[in-house]
Amino acid sequence: MNPNLLRAPRSAIRQFAQLAAATPGCISLTLGEPDFPTPEPVCQAARASLDAGQTHYIPNNGSADLRRDIAAFEARTHGLHYTADEVIVTVGATEGLFAALSGILEPGDEVLVPTPAFVLYQCITGLCGARFVAVDTSENGFQLTEAMLEALVTEKTKAIVLNSPNNPTGCILREESLAAVAKLARERELFVICDEVYRQICYADHCPQFSTLYPELKDRVIVVQSYSKPYAMTGWRLGYLLADAPVKAQLEKLHQFDVVSTVSFLQEAGQAALTQDPGPMVEIYRRRRDYALNRLEHMGLEVTRPEGAFYIFPSIAKYGLTSAEFCTRLIREAGVAVTPGFCFGSDRHVRISYCCADEVLEEGLNRLEGFLKKLEG
């Protein structure tokens, strides 16, 4: 077997979700899956495609109409200027990230990743035989500085991955943080992988994005997007990748050899989704964010205010437990599951997902509060 694969861990996030599912009566605040149904116009478009017999091969990179609409959507809503020929429709953001990192990394390369971070970046980097280099932001309000980056960059550094709003913290990288990345990218000629899957789930008045702020670096920027989070389409496995034409021309080979194409009868559903307004869902997430933040602060937990996504990342350092110990006991003793922070590179925290029904969130936090009082004696 490939030794890189043998070294790769299984998803601890899924393991804790499975432990919760196997515990009778346990409330799960683990997975980042919207509790809303996929918008009906999207479902209608998929049904219509099936009825019309759209069940055969399509172009590898996605239908021409969908790629055209994606390019127009990104230009209109985010100020990103890519042609339809610079778009690859992917099997979710996961495949987009695999293509992006596999396409640029060679064994021995290094990838800078601000942590806490989604575990997938580290797994893909390892499978490529490259080295994951964590840039710990936990002592700086989850923000980056030039000094932090310069301390870790080497001649082997090939890329930096940005995820803002961030999973698991919900924090948004400020313009000062992005400027530090831009300076490094220019000086070292690094690739910047922009994972923007939570871009449309933002509560702040301003959500700066590297891809938008630095169009002059387009030749080394790869943008990865997903339909899963903003449109409640996790099971559809649909996303897309944007890259400058010469880069995209190489990445499409990986996409072609890996999956051939995305599902033919989902192309028009992808077009329909781009016409939907996620705003009403975002307002519900905002209300849940405010409720969860208020409850956690009342419990005496140290927490940074999330400005996007649908996670909150309180510190559990004062309890003297590892995040795995804390979360395992929480399931067994209180019947509520959250995700241990070690999954994201921060063992002093836990991630709570609030993309669930209000009554589920309330009861889950009630149980958490009771557990904390027990720990405090």
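In this predicted model, seven strands make up an open sheet with mixed pairing, and their order is β2-β8-β7-β6-β5-β3-β4. β2 (87–90) and β4 (131–136) are the edge strands, each pairing on one side only. On average, neighbouring strands of the sheet are turned by 20° against each other, direction ignored.

Within the sheet, β6 (residues 191–195) and β7 (residues 221–226) run parallel and are joined by four bridges. Asp 195 has Val 224 in β7 as its bridge partner.

| Helix | Residues | Strands | Angle |
|---|---|---|---|
| α5 | 92–104 | lies across β2, β5 (157–163), β6, β7 and β8 (239–243) | about 160° to β7 |
| α6 | 120–127 | touches β3 (110–115), β4, β5 and β6 | about 150° with β4 |

The nonpolar residues come next. The largest nonpolar core has 70 residues, and the members that touch the most others are Ile 222, Tyr 285, Phe 326 and Leu 368. Which residues is Phe 326 in contact with, leaving aside its neighbours within four places in sequence? The contacts of Phe 326 are Ile 316, Tyr 319, Leu 321, Val 350, Leu 368, Phe 371, Leu 372 and Leu 375.

Conventions:
Residues numbered from 1 in each chain as written. Predicted model: local features only at pLDDT ≥ 70, side-chain atom pairs only at ≥ 80, totals over all residues. Heavy atoms only, no water. Pairing = 2+ DSSP bridges. Helix = DSSP H or I, 4+ residues; strand = E, 2+ residues; numbered from the N terminus. Axes fitted to C-alpha atoms, helices over the stretch in contact; angles between N-to-C directions. Contact = heavy atoms within 4.5 Å. Core = buried A, V, L, I, M, F, W, Y, C linked by side-chain atoms within 4.5 Å. Buried < 20%, exposed > 50% of the residue type's maximum accessible area, 1.4 Å probe, protein only.
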